[in-house]
Each structure stands twice: as structure tokens, then as C-alpha cells.
Amino acid sequence: MKNIVVAMLAFCLLNFAGEQARAEYTVVEVNFILADKDGNFLLSKTEYLLVALEDFKKLDQDGNNELDADEVGDLSRDPEFLDGNTDKNSSLSLEEVITEKLADFDSADTNDDGALNVDEVTKHQN
Ligand SMILES: [Ca+2]
Ligand SMILES: [Ca+2]
Ligand SMILES: [Ca+2]
Ligand SMILES: [Ca+2]
């Protein structure tokens, strides 16, 4: 019984916090909430990679696990694309994306707890 009360209270508090902050959500925060599958307000490495994989799948129209210039359009001139393309061929492979995202994750995780909170993500995006 006690657990149920605590759970309900937590739920109400979360809802209340959500209500309060909704008008001020930034794009980064909305993306964070969408990526945070288990809703613990932290992005694990898995949650972080999952977003990248979903994006990758959407862009990879022919499903060959390589993003070619014609699949990503202007993105192929993006510094992030050029940086990530470590073998300097004309496409970004799934492996290259994962490697880049893992490096991204580590550099964003400034308190080294193996997860990203919304502050760390916001700072990293800016
Ligand atoms: Ca999470
Ligand atoms: Ca492709
Ligand atoms: Ca490549
Ligand atoms: Ca962290």
C-alpha cells in the first residue's frame, strides 16, 4: 500500500513538473525526453545510440548501412559528417556513426557517471 502511495505521489510530482516547464522546453530538452526511453531523466549510452540508429535507418534509404551523399543531401558537407567519415570515402557507415556518437557521448559526459543529464546534453549542443 505504501508503495502505491509513493508511486502516485511521484507520478503527480512528475506531472506537475512537466506542466510547469512545458512552455519553456527547448528543442534539446524535447529531444532529450524523447530519447530517454525509461524516463529516468538520464540518457544511457544505449539510449543515446538508439537515437543515432533511428536517424541512421531513416536516412539510409537503400538499407546498405552506408549513408551516401545523395541520401543525406547537404549534410554531406556538414562538419560532423566530414569528421565522422573517418575513412574519408564518400559515405558514412553505421560503424563510423557509432564511433562518432560514442566519442560524443564521452565528451558530453562531463561528470563521468556514464549517463547524460539534460544539462550535459544542453552544454554539449551549445
Ligand atoms: Ca534513461
Ligand atoms: Ca545507403
Ligand atoms: Ca566512410
Ligand atoms: Ca554525466
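Read along the sequence, this protein runs α-α-β-α-β-α-α-β-α-β-α. That comes to seven helices and four strands, where helices (H or I, at least four residues) and strands (E, at least two) are DSSP runs numbered from the N terminus. Keep in mind that this is a predicted model: local features need pLDDT of at least 70, side-chain atom pairs count only at pLDDT 80 or more, and totals for chains, interfaces and linings use all residues. Residues are numbered from 1 along each chain as its sequence is written, while chains are lettered from A and ligands numbered from 1 in the order in which they are written.

**Overall packing**

- Of the 126 residues in the protein, 10% are buried; "buried" takes 20 or more other C-beta atoms within 10 Å of a residue's own, "exposed" 12 or fewer, and "partly exposed" is in between, with C-beta atoms placed from the backbone.
- Take the contacts with a separation of 6 or more: 44% of them join residues 24 or more positions apart, a contact being two residues whose C-beta atoms, placed from the backbone, lie within 7 Å.

**The nonpolar core**

- The largest nonpolar core has six residues: Phe32, Leu43, Tyr48, Phe105, Leu116 and Val121. A core here is a set of buried Ala, Val, Leu, Ile, Met, Phe, Trp, Tyr and Cys residues joined through C-beta atoms within 7 Å.
- As background, nonpolar side chains tend to be buried together in soluble globular proteins.
- Leaving out residues up to four places away in sequence, Phe32 touches Leu43, Val118 and Val121.

**Helix 2 against helix 7**

- Helix 2 (residues 27–35) packs on helix 7 (residues 118–125) at about 130°, with axes 10 Å apart. Axes are lines fitted to C-alpha atoms, for helices over the stretch in contact, and angles run from 0 to 180 degrees between N-to-C directions.
- That makes helix 2 and helix 7 oblique to each other, since angles under 35 degrees count as roughly parallel, over 145 as roughly antiparallel, 65 to 115 as roughly perpendicular and the rest as oblique.
- Val28, Glu29 and Phe32 from helix 2 meet Val118, Val121, Thr122 and Gln125 from helix 7.
- Sorted by class, that contact has four nonpolar, two polar and one charged residue; Ala, Val, Leu, Ile, Met, Phe, Trp, Tyr, Cys and Pro count as nonpolar, Asp, Glu, Lys and Arg as charged, and the others, Gly among them, as polar.

**Helix 3 against helix 6**

- On the helix 3 side you'll find Lys45, Tyr48, Leu49, Ala52 and Phe56, which meet Leu94, Val97, Ile98, Lys101 and Phe105 of helix 6.
- The class tally for this contact is eight nonpolar, no polar and two charged residues.

**Spots to check**

- Most residues other than glycine have a negative phi.
- Asparagine 65 has a positive phi, near 60°, and sits in the loop between helix 3 and strand 2 (66–68). With 14 other C-beta atoms within 10 Å, asparagine 65 is partly exposed.
- Lysine 88 has a positive phi as well, near 55°, in the loop between helix 5 (79–84) and strand 3 (91–93). Lysine 88 is exposed, with 6 other C-beta atoms within 10 Å.
- Aspartate 83, in helix 5, is exposed, with 11 other C-beta atoms within 10 Å. Between aspartate 83 and glutamate 100 there are 8.3 Å in space, C-alpha to C-alpha, and the two are 17 residues apart in sequence.
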